[in-house]
Amino acid sequence: LINNYQKSVTLTSVLFLSLCIVFYKKIFSDNVFYPGFKVEKYFPIRDSVFLLVLFLIVLLTQNKYLNIETITWDVPSYLVASQEINKGFLPFETQWESKGPLFLYLYNFISNIAGRNFVYFKLINDFILFLTSIFLFLSLKLNYKEKESAIFPTLLFILITSHVWFISELSEIYCLVFLSLSYYIYKKLSHKEVTFLIIGFCVSLSTLINQGTVLFAIPYLISICFFYKKNILKLLVSFITGALVPHFIFLAIYSSKSLTELYISQYIKLPLNYVQSSSPSLNEILVILREFFKYDYFLYFAIISIAALFLSEQFGRRYDKIFNIDSLNFLTAIAFYFIAGHSYQHHLFYAIFFFVILLGKIESTSKKSFIMSLIFLSTFSILSKTLKDSYYNITNTDEIYSNYPLRNLSVELNNLIQEENYEILALDYVLILYYL
């Protein structure tokens with residue numbers, strides 16, 4: 001059945017792209033999709049209103065599965081590891097976890113704000129994702145004069161991450177806050193020493209969440225070496241200095257408890273062993289595309305249209321026009337997926353963020369309008385699937401929380417432990433430790 005479905009997806013994709021090629025002039029002519037249409041002209045609305053609408057879409061697309069207690073086993077593991085901080089321990093001091101120390105501090109902070117309520121913890125993480133969307137929107141506004149070139153890529157990012165693969169409280173959404181901030185600063189400020197100092201600092205904070213995001217230093221280093229040759233030494237020193245400061249701070253903290261070797265192994269031995277433990281599969285990309293086709297047709301065709309139309313415009317261009325910061329970030333994100341291995345779908349989170357930016361890089365207004373139409377239709381299509389369940393879950397959080405099976409089991413277990421003097425506790429479900 002899977003092979004047959006894969007064939008149908010491939011056939012549909014080829015047919016769609018073939019029709020676009022055959023009717024290229026008619027579909028992308030200036031008389032279609034109204035290239036003169038401007039959001040600001042017909043809808044003179046402030047940015048804050050657009051951001052409010054985007055935030056509502058985040059809530060209504062991210063919480064369809066709020067009633068399901070555990071979607072991925074990673075989140076309970078992170079939560080349990082982060083609780084050691086409340087007892088005065090450093091991350092990794094009493095138990096090992098694969099992420100950086102800042103991630104566990106952030107998890108612990110949000111968990112405490114949520115009152116250790118798992119439902120509230122999940123909802124607060126929606127704000128983390130939305131914060132990334134804000135930086136994306138503001139960055140794109142700096143890139144392009146047309147407001148729709150900022151709105152629709154941001155909307156596409158929200159729609160893609162509404163899939164169940166991306167709605168968990170993953171480390172990637174925390175990293176993207178700092179990576180998107182780095183991108184925004186790069187676009188907003190003049191490229192002086194202080195700018196690259198701040199960018200290096202932000203990228204470094206991301207590595208304190210997920211070690212592998214050190215790769216996203218590469219696009220900025222390449223940018224410095226190839227496009228700012230006159231100040232190359234000063235800018236490199238500034239970037240590296242900014243990147244080293246956060247790690248020196250944490251290294252000093254760990255050294256104060258004689259845990260220097262533990263910190264170093266977390267950033268050298270662990271990443272190398274993780275990469276070597278599994279190899280990626282190209283076939284998994286096809287599986288992911290097939291899943292998006294199943295999830296929403298309009299979203300799927302928007303994704304492959306951006307890829308096809310963006311690539312079609314790159315032929316014959318000079319390398320410096322192709323390999324700008326946007327393309328470099330996207331290529332780095334793809335490299336991250338393959339270097340990390342394991343073929344985990346959430347490793348594509350970074351690629352999704354930098355992929356949607358490519359929509360604005362398409363120069364033809366009619367082509368962009370065609371893709372924006374698909375995104376617009378996809379918004380209503382996906383909301384029709386998520387709105388009812390999300391609204392019910394958001395407005396009935398107490399009921400949702402009281403129905404979580406592992407939470408109820410932990411209450412019973414806690415009562416049992418208080419009645420009996422047990423010395424050993426062995427569990428199959430890590431999340432119970434968080435509730436206890």
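Let's start where two helices touch: Leu156, Leu159 and Ile160 of H8 are in contact with Leu299, Ile303 and Ile306 of H16. Sorted by type, the residues of this contact are six nonpolar, no polar and no charged. Keep in mind as you look around that this is a predicted model.

How do the two helices lie? H8 covers residues 148–160 and H16 covers residues 297–312; their axes come within 11 Å and cross at roughly 125 degrees. H8 and H16 are therefore oblique to each other, and their crossing is left-handed.

Now stay with H16 and look at another partner, helix H20, which spans residues 365–395. Here the axes are 8 Å apart and the angle is about 160 degrees. Because angles over 145 degrees count as roughly antiparallel, H16 is roughly antiparallel to H20. The crossing of H16 with H20 is left-handed. On the H16 side, the residues in contact include Phe298, Phe301, Ala302 and Leu309, while H20 contributes, among others, Lys367, Phe370, Leu374 and Ile382. The contact of H16 with H20 has twelve nonpolar residues, four polar ones and one charged one.

Finally, step back to the whole chain. It has 23 helices and zero strands. Of its 436 residues, 50% count as buried. Among contacts with a separation of 6 or more, 77% link residues 24 or more positions apart. The chain exposes about 21400 Å², and carbon and sulfur atoms supply 65% of that area.

Conventions. Residues numbered from 1 in each chain as written. Predicted model: local features only at pLDDT ≥ 70, side-chain atom pairs only at ≥ 80, totals over all residues. Heavy atoms only, no water. Helix = DSSP H or I, 4+ residues; strand = E, 2+ residues; numbered from the N terminus. Buried < 20%, exposed > 50% of the residue type's maximum accessible area, 1.4 Å probe, protein only. Contact = heavy atoms within 4.5 Å. Areas by Shrake-Rupley, 256 points an atom, 1.4 Å probe, with all protein chains shown as cover. Axes fitted to C-alpha atoms, helices over the stretch in contact; angles between N-to-C directions. Parallel < 35°, antiparallel > 145°, perpendicular 65-115°, else oblique. Left-handed = near helix turned anticlockwise from the far one by under 90°. Nonpolar A, V, L, I, M, F, W, Y, C, P; charged D, E, K, R; others polar.
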